[in-house]
Amino acid sequence: MRCSGYLFAHSAGEALSLLAELDGAGRVIAGGTDLMLAPGEAASATLVDISQIQELRYIEQRGERLHVGSLCTHEDLATSPLLHERAAALAAAAAAVGSPQIRSVGTVGGNVMNALPAADTAIALAALGATADVLGPGGTRETDLLTLYAGVGRSTVDPAREILTGFSFRIPRGSSFQRLAKRKALALPVLNAAAALWDDGEGGARTEVGIAVGPVATTPWRATEAERLVRGHAPTRELIEQAARTAMTTAVCRDSIRSCALYRQFMVEVLVRRALLEATGLAPTGREAAGPGTRSSAVRGRAHRAAPGRTDGGAFDQDAPASRRGGDR
Amino acid sequence: MSAQRLEFTLNGGTCTLDVDPGASLLDVLRDDLGLTGTKRGCSEGECGACTVLVDGTPVDSCLYPAMKAAGKNVLTIEGLGDPSHLHPIQRAFIEEGAVQCGFCTPGMVLTAKALLDRDPDPDEQTIRTAISGNLCRCTGYEKIARSIQRAATKAAGPSAAAPPDETPPAGAASPLSSGEAPPSTPVTTPSLGPGAAPVAPVGHVGSSPARLDAVPKVCGTARFSDDLSMPGMLYAKVLRSPHAHARIHYVDCSKARSFPGVRAVVTSADVPGRPNYGIITKDQPYLAIDRVRFEGEAVAAVAADTPSLARQALELIEVDYEPLPGVFSVDDSLADNAPRIHDNGNLLLMRRVLRGDPDAAFAQADLIVEETFRTPLIEHAYIEPEAGLAWLDEDVLVLHCVSQGVHYQRGEIAAMLGWPVNRVRVKQATVGGAFGGKIDLSVHPYIALLAVKAGRPVKLVYTREESMIASPKRHPITVRMRLGSDRSGRLVAGEAHISADSGAYASYSYAVVTRTAVCAFGPYDIPNVRVESLAAFTNNPIAGAMRGFGTPQLAFAHEQLIDMLAAKTGLSPLQMRKLNGFQPGQAHTPSGQYIADSEGLLATLERATEAATTATAAATGRREGNDAP
């Protein structure tokens, strides 16, 4: 990495004023695990390190919502009892990122700022319907997580003037994160999916659901057609099967070095079904129960057999050597 | 960029220095502080060889901005123990045989320390998760996990309070076969210096003596090629072709030569002796001559005062390429009118093996199976990238470098320079994994030419990307194979048509492809056999030596066919193999080699069956006991 200087901010306010003083020549760095691999990206910038700002490293419940500070590391999320209890999808997603060395440095804010469409925590946050708080010269704006995405690797947050400070979401009744990767560590996902379910009683009439899948589009993708099927109904196994199929048929998958589009397309159904079953607390079917589990488990060979009408898994290439990080600015 | 002051605690002491604010902690530790026990494997956070502890937590120091260490407590392998004062984890790694090449070891040991500090009695799953960011390519993770367990057990033992610097009593005996050894059990290794652990008795067949070089490896003091340096040393970088196949009209190095800090620039015009090299066929230019045949082929090399200057100088070299159509598969390479990669044509070699009368045997066979199998190019992925240092010792050129064949490399370097071999010395540094991939030349010709031209020591370390594109790989192979048996499952005939992609140059293809032919059917006794095996040039990466030397690709094919045939005969896959496996004293290979002594297949199958039966019974018992669904 190249940069022209390195400063530390110890509060969000200090970070903002440093960025203001630098007037566009500054750039925020959190964990740095991605920025270190982008040799020219900050070459002429003075880096403003925000990773020591303790006020942005929190996981707490306020009323019906959970609030997560952007500077929580993946390790913070993966080991948080509160998250395990209230938003298991996010804890599992964080546990799936990179390796222990990367999880202890990379932050959830960085994972979102890096703006990759299958960043594990971003998929979980998208399913949870999270909003993000962005602090800038004009104050804090709260915005839907997905509005932070301007395309692959491009965030709408300006790292020279703004700071992503945190996320919040309504606590779901259940949530689940599923991931298909070639290895259990240090492997970007072939596909990941998360589901969250809210249920305010009344026989399912007020059921709300979030389903997110990546990489299916240039940003984290919400399976809105599948969500519509479940919304307002008490979830049943049949409904979940139907929703999973709808997610598959509406997803537009791409070929990449990690998988061909067709294989990904079939796997959308499998992962969404598993995510919904787990989120709703319905006992998985025999086949799913025999699967390699949930959370951070890499779904392996078994998933191939689950693909309808196809057993070879498609043209599998090696993982891209670069960018296995948890993501950080 | 201007240097910034950095203050932190390093291995218990205060450390203050001025650093490049964009530098990684790894760069500062290795390059500024000379602490080479922390290894540079991938520089991308993939391999974990650079793991250090920051405030007790493992981090990839290659992805960790050095400035972040300000005010923190950094522990590197140098701060954990030294050869005369081993930490219990280091000792356990030696005792369990978890150290092979040693390149992943410092990072692995530190990750283990962080784990045991927070969880003194981890179960196996916890250990495996903890080390999941540390790759090992030699030992595998079984012995590493066992050593961590062993260290944990010892720490929990009666002398857990024993300080890590406890010096073991000298002369205590091996073997280290038992996990119940008292915590004071010394590391039984030959003495490596004053105060080092004691000498192992020799001649203990069946015992587990410690490796000769295990102590420096667990301490990070073993000197791998990238750990070497000399006063006045220059740093080399190689300019590589962006084209898979192209004609070179000219290479203009004049701007690079006059760039400040550049001490030497070489192209093929600077090769005074023989222009080509190769283990068997001398078909590969040391530096491209008028033509490049694969993406990543070396065109020029620069030596400069710093790696950064050398990199900048590469950008000043002008190369006029005329891209040519390339061929990227054996089929395309051997098609009529295919672009010629070498003057003698694209077919490198053909090997044929004939035993008995396969046509008649297939005609009489009761059962026949046939399939086509393809295996991919495979990268060795040793954690240590290729590296070396060359210097002139009066009129002798010395290379201290990665190697799996110092004599071969000496001969090639001498031929390149047009020197007698007694003026070239090649010393093998500690090698961080090779698996066949370091038999060929890699950094050697460039550091040799540059050191002679500049008259100063020159070091070159490949980036991970360079290592991936420039060094030979496992041959991608397509094999069409047919097996015939009688009704009882006894194999009567075999036929294989094998084609191997040699990439742009021959490297070890002659030997590898010959091996695919003579070992085409593995350890199975087939009286009537026809094999045709060929290698062709393409514009793909070069294929050469890699463990197994062509036989793993064929095993993939014959093992599948044996299973398919077993299904047809009604035999189990195990019965099928027992029926047809080499019987020492009776069997012949396809090339007629008589198998006089045990080659172990049948005995291995017996033992594997026993172990599997035991394991299955245990698993079944567990399931029933747990009343699980």
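A:N192 sits in strand β12 of chain A, which covers residues 191-198. Keep in mind as you look around that this is a predicted model.

Is A:N192 buried or exposed? With a relative accessible area of 0%, A:N192 is buried, because the cut-off for that word is under 20%. A polar atom of its side chain lies 2.9 Å from the backbone oxygen of A:A118. Leaving aside residues up to four places away in sequence, A:N192 touches A:A118, A:A119, A:D120 and A:I123, along with A:F177, A:Q178 and A:R179. Its contacts also include A:A212, A:V213, A:G214, A:P215 and A:L271.

## An open sheet in chain A

Elsewhere in chain A there is an open sheet of five strands, and their order is β4-β5-β10-β6-β7 with antiparallel pairing. Which strands stand at the edges? They are β4 (59-62) and β7 (139-144) of chain A; each has a single partner strand, so one side of each is left without a neighbour in the sheet. From one strand to the next, the twist averages 25°.

Strand β6(A), residues 131-136, runs antiparallel to β7(A), and six bridges join the two. A:D133 stands opposite A:E142 of β7(A). Helix α1 of chain A (residues 12-22) packs on this sheet, where it touches β6(A) and β10(A), the latter spanning 163-170. The direction of α1(A) makes about 140° with that of β10(A).

## A covered helix in chain B

Now turn to chain B, where helix α2 takes in residues 88-95. This helix is mostly covered, with seven of its eight residues buried. Those buried residues are B:I89, B:Q90, B:R91, B:A92, B:F93, B:I94 and B:E95. What lies over them includes three helices of chain B: α3 (105-118), α5 (142-156) and α6 (214-219). After α2(B) comes B:G97, which has a positive phi near 70°.

## How α2 meets α3 in chain B

How do the axes of α2(B) and α3(B) cross? They come within 10 Å and cross at roughly 125°, which means that α2(B) is oblique to α3(B). The crossing is right-handed.

On the α2(B) side, the residues that meet α3(B) are B:I89, B:Q90 and B:F93. Their counterparts in α3(B) are B:T105, B:M108, B:V109, B:A112, B:K113 and B:L116. B:I89, B:Q90 and B:F93 are also among the buried residues of α2(B).

Notes
Residues numbered from 1 in each chain as written. Chains lettered and ligands numbered in written order. Predicted model: local features only at pLDDT ≥ 70, side-chain atom pairs only at ≥ 80, totals over all residues. Heavy atoms only, no water. Helix = DSSP H or I, 4+ residues; strand = E, 2+ residues; numbered from the N terminus. Buried < 20%, exposed > 50% of the residue type's maximum accessible area, 1.4 Å probe, protein only. Polar contact = N/O pair within 3.5 Å; in protein donor to acceptor, adjacent residues only side chain to side chain. Contact = heavy atoms within 4.5 Å. Pairing = 2+ DSSP bridges. Axes fitted to C-alpha atoms, helices over the stretch in contact; angles between N-to-C directions. Parallel < 35°, antiparallel > 145°, perpendicular 65-115°, else oblique. Left-handed = near helix turned anticlockwise from the far one by under 90°.
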